[in-house]
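Please read this briefing beside the sequence and the 3D view.

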Amino acid sequence: MLSKEENELITSVGPGTPMGNLMRQYWVPALRTSKIEADGAPVRVRLFGENFVAFRATDGRVGFFDEACPHRGVSLALGRNEDCAIRCIFHGWKIDVSGQVVEVPSEPAGSNMASKIKVNHYPVQEAAGLIWVWLGQGEVPAFPDYEFNRVPLENLKIIQAKTHTSWLQIMETTIDSSHVGILHQNWLKYMAGESRDDVSMRLRQDLSPVYEIEHTDYGFHAAAVRTMADKTLYVRVSQYIAPFISFIPVADETPKFTNIVVPIDDEHSIHWFVYHNADKPMNQDPSFFETRFGTNEPDLDNFYDNKGGVDNMWGQDREAMKNGHFTGVYALFAEDFVIGESQGAIFDRSKEKLGRSDTAIINARKVLLKAVQDYQNGKPAFGQGPSISFQHVDAKNLVLEAGDNWRKYLDTPVKQSVGAV
Ligand code: FES
Ligand SMILES: [Fe+2]
C-alpha cells in the first residue's frame, strides 16, 4: 500500500507536478505516423493533462506544438497546414515547423512583432509507425533502441485504446502476473484449445506464482515462478522499464509483446499494445487478435468497445457467466480495462491489502517513488543515460528443471537482487 501522499505523488501527472515533470523526460508515443500527411489536417494530441497539435509540413517534417495559438489561444488544430507552416484561422498568424512565428498579417505592415514570438515546440522521432515526442526539460535523451523500434514496419502490429483510468492502474495490471490465470482464465482455455498453446495451460496450473525481482538500470526483471504438476518450473520474466513500459513473455511462436501506457491526464490513459516479430513479417492468424481484442480486425485506434461503465457494470454478460464464462467480459484486454476502470479513476492505494502476489507492483512503486524524489532533488531522470541500452531487453518465457536458475537466461545485467519473496 501507499500513503495518500505517495499515491497522489505518483498518479498526478499534470503540468508542474513532480511525477508529470519526471514523465515528460521520457520519449512517449503520441500518434501514428499515418495520422498526419504533408499539408494535411493537423491532429490534436492530449498528453499529461496538456493539449498539443501535431502536423506534417509540406516538406515532410513533423511539427509538434502547444495547441493554443500564441496570439489569443485558438486551437492550431483548426489551422491551415501549408507552405511548410501552420496558419491560425483566426487572424492568420503563420508559424513554421520550428515554432517561430513568421507572419502576423493582422499587424500593420513593417511590424517586427513576429520575430519576437515563438510557440513551444517539441522534438519528435518516427519509429515503429509512431510519432514519438519528448516533452521534457534540458538535454534531449537518446531515443530508446527497443527492438520494436528497429524492425521493419511489416513486422509490427500496434493496437491502441483509451481508458478512463489512471495510467498507473493500467500499467500495474500489465506487470501483475498473478491475475492472468484467474481473470483471463476463459480466454486462456480458449487459446489452449485452439492453438495447443502451452503458455495458457501452464498459467492455469499454478495460480499463486512466487515472484523474484532483479533490479536493473532501467527498472527490473520480474520473474513469476510457477511450479508445475511434474515439478518443473514455469518462469515468466517480465521486464519493467520505468516509468510506463513493460515487456511481457510470450510463447515462442507468437509475436513479442510490449505495453506502453501513456497518461492523457490524471484520469485517462492510452494503452499501446505493441506486437512485433524480430525477424519476419507479422502474419498472425486473425483469431489471435479476436481472443485478445474481441474481433478479428480490431479498431487499431481504439479496440476497446466500451459497453458502458459502472451504471451498467460495463455490460458484463451474466448469462455468459451462468454458462461457464468466468468474467462475462467480451475479450481478454477488455477484462483488464474493465477491472481498471472499476477501481475508480484513481484508486486510493492507502486502502489496499497487498500480498505476496503483488510483489511486482510493490517494486514498481518503489522504483517510481525513488525516481520522482531523485528527480525533484536535481538528479537525472531514472533509466536514462549513455550507458543504458535497451537493445537486448527482452521478456523470457522459460520452462526449467526444478532447481534451475532463471537468471542464467537473461540478456541484460542485474543490479540488485531482491530474491524470493
Ligand atoms: S488567435 Fe491565432 S491568429 Fe489570432
Ligand atoms: Fe491482464
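Three strands form an open sheet in the order 1-10-9, and their pairing is antiparallel. Strands, like helices, are DSSP runs numbered from the N terminus (E, at least two residues, for strands; H or I, at least four, for helices). Two strands count as paired if DSSP finds at least two bridges between them. This is a predicted model, in which local features need pLDDT of at least 70 and side-chain atom pairs count only at pLDDT 80 or more, while totals for chains, interfaces and linings use all residues. Residues are numbered from 1 along each chain as its sequence is written, and chains are lettered from A and ligands numbered from 1 in the order in which they are written.

- Strand 1 and strand 10 (residues 130-133) run antiparallel and are joined by four bridges.
- Leu 31 has Ile 131 of strand 10 as its bridge partner.

**The two domains**

- Domain 1 covers 28-133 and domain 2 covers 147-420; such bounds come from an automatic or database domain assignment.
- The centres of domain 1 and domain 2, taken over C-alpha atoms, are 35 Å apart.
- Ten residues of domain 1 are in contact with 13 residues of domain 2, where contact means C-beta atoms, placed from the backbone, within 7 Å.
- On the side of domain 1 that touches domain 2, strand 1 and strand 2 (43-47) are the elements that give two or more residues.

**The nonpolar core**

- The largest nonpolar core has 101 residues, of which Ala 30, Ala 54 and Ala 222 touch the most other members.
- A nonpolar core is a set of buried Ala, Val, Leu, Ile, Met, Phe, Trp, Tyr and Cys residues joined through C-beta atoms within 7 Å.
- Domain 1 and domain 2 each give this core at least three residues.
- Not counting residues up to four places away in sequence, Ala 222 touches Ile 175, Tyr 211, Ile 213, Val 237, Ser 238, Tyr 240 and Ala 360.

**Gln 376**

- Gln 376 lies in helix 10 (residues 359-376).
- The C-alpha atoms of Gln 376 and Cys 88 are 37 Å apart, with the two residues 288 residues apart along the chain.

How values were computed:
Contact = placed C-beta atoms within 7 Å. Buried ≥ 20, exposed ≤ 12 C-beta atoms within 10 Å, placed from the backbone.
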